[in-house]
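Please keep the structure open beside the text as you read.

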Amino acid sequence: HIISCRETMGQARVLAAALCLCAAEGARRRREEREPEVGTWPGIDAQLQNVSDFFTAPAVVTSLVMCFSVLLICPAQKRFGYLGEFLKEFLGMIVMIVCTFTPGPFLGSFKGYEEWLAHVAGVIVADYLCGGPQVNPAVTIAMFVWRKISGYQVLLYIAAQMAGGIVAFPLLQSISTPYKAVIGGPEVGPEVTVAQGMFNEGVAMFLLMLGIYAFATTAIGNVYPVKQPLIAAVIRACIFYFGTTGPAMNPALGTTWAFYKSQSTAFPTDAGHYAIYWGAAMAGAAVATLLWSVVTSTGPFGEDTADKAPDTLRDVWSHHVKRLTERKTDEVLRDFAPNAKVTVQYLPENSRGTDVRSTDAKKNLEVLFNFLKGLREEDVIATDVEELSETTILYTWRAPSRKLANATTIAVFDSNLKITRYNVTVLFQ
């Protein structure tokens, strides 16, 4: 809990810094009814005044309060975990926009592949730095259809994503202004009908989700340096071929960009905007999810759906141990949250192997599997499972025939019942 508290406080400090940095540009655009002025940064006094103006703007205050207020309705015992999830989506949205919306203004004038490569790199950096947040309401809906997240998490994630978008665009322009760059965003072309726009966004999102499933849920997904560039390439290809609506391929991007364009004073009132950027995109993501589920017999249409979605801590752990004893690395990795910290320790030190401590769960599990090689189920005796808290499991066992006096595993889970901390200590005779 202390470690989680420190991480969340660190995220909160980054959040505060981002809010202050974005305010100068946001408030200035709210006061000026014209395109952002390019040039040098204003003086510190002017920036502080703009911070005050931005955070006292009725539309900004109301919007951010509504987004953050979803934290008040979460279960009290899980509030701290949900706060971490909210901040992950919020900060992830900001980082994603900053990383992926800069290539055009800064490199678009080269008229070559520089912008494409920079955008691909931006997608990878944003995902890696923030631990793989969804940062997209359509993806969040897809995960709900896939039964990966709850209804409350849908509300939580979308609220965080919207708050991130409200903050990110003025922040990005404030960073870009000294370099005389003016950012752009997704908009519907002047001659595009609502039906055409919906088709464009829906198909783009459909193809993007198929790309995500193809590269993230198959064997390719186990190799991050291969998986993420391929997903980034799919995003870039969809942007190139479906440009009549941007495309946003992200409802939060489409709407928060429109909010920014209004000088941060109002959200769109046109129903067509929401039909295109929200209705069509979410429908495309949901259809892609169901299609992938049917074709691959996974997810909601998988034969072992009930087995893959235990809903209590003890059930999740039992399922994890089953996968572990079968030494199915890919399936075991599904039990871990992104950037989970894994430790394997041998006592006495260096008696049978080298201790490993890192966030590379796959590498550490391979070390553990190598140690367990040849261990039979009948060798293991006196297993015991104890719930130390609502988020922590203590698992102990021993195998005297293998000279293993005692083995202890402590696993800490997040609110999604994914493992975030995993400590294995092995004591030999």
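## About the model

This is a predicted model, in which local features need pLDDT of at least 70 and side-chain atom pairs count only at pLDDT 80 or more, while totals for chains, interfaces and linings use all residues. Residues are numbered from 1 along each chain as its sequence is written, and side-chain values use heavy atoms, with hydrogens and water left out.

## The chain as a whole

The protein chain has 16 helices and six strands; these are DSSP runs numbered from the N terminus, with helices (H or I) of at least four residues and strands (E) of at least two. Of its 429 residues, 47% are buried. Here buried means under 20% relative accessible area, exposed means over 50%, and partly exposed lies in between (1.4 Å probe, protein chains only).

Among contacts (heavy atoms within 4.5 Å) with a separation of 6 or more, 66% join residues 24 or more positions apart. The accessible surface comes to about 20600 Å², and carbon and sulfur atoms hold 62% of that. Such areas come from the Shrake-Rupley method with a 1.4 Å probe, and for residues only the protein chains shown count as cover.

## Two nonpolar cores

A nonpolar core is a set of buried Ala, Val, Leu, Ile, Met, Phe, Trp, Tyr and Cys residues joined through side-chain atoms within 4.5 Å. The largest one has 73 residues, and I97 and M205 have the most contacts inside it. Helix α8 (residues 151–176) gives the most to this core, with 15 residues.

A second, separate core has 24 residues, including L324, V342, Y422 and V424. Back at M205, if residues up to four places away in sequence are not counted, this side of the picture shows M205 touching N136, A138, V139, M249, A281 and A285.

Which side chains meet in a salt bridge? They are those of E387 and R314, at 3.5 Å from N to O. The pair links distant parts of the chain, with E387 in strand β3 (residues 381–387) and R314 in helix α14 (residues 313–325), 73 residues apart. The structure holds one salt bridge, defined as a side-chain nitrogen of Lys or Arg within 4 Å of a carboxyl oxygen of Asp or Glu.

Both partners are partly exposed: E387 has a relative accessible area of 37%, and R314 has 36%.

L290, L291, V294, V295 and F301 make a nonpolar surface patch of about 470 Å². Patch residues have over 30% relative accessible area and no salt bridge; like charges are joined within 9 Å, and nonpolar side chains (Val, Leu, Ile, Met, Phe, Trp, Tyr) within 5 Å. L291 is found in helix α12 (residues 271–296) and is partly exposed, at 40% relative accessibility.
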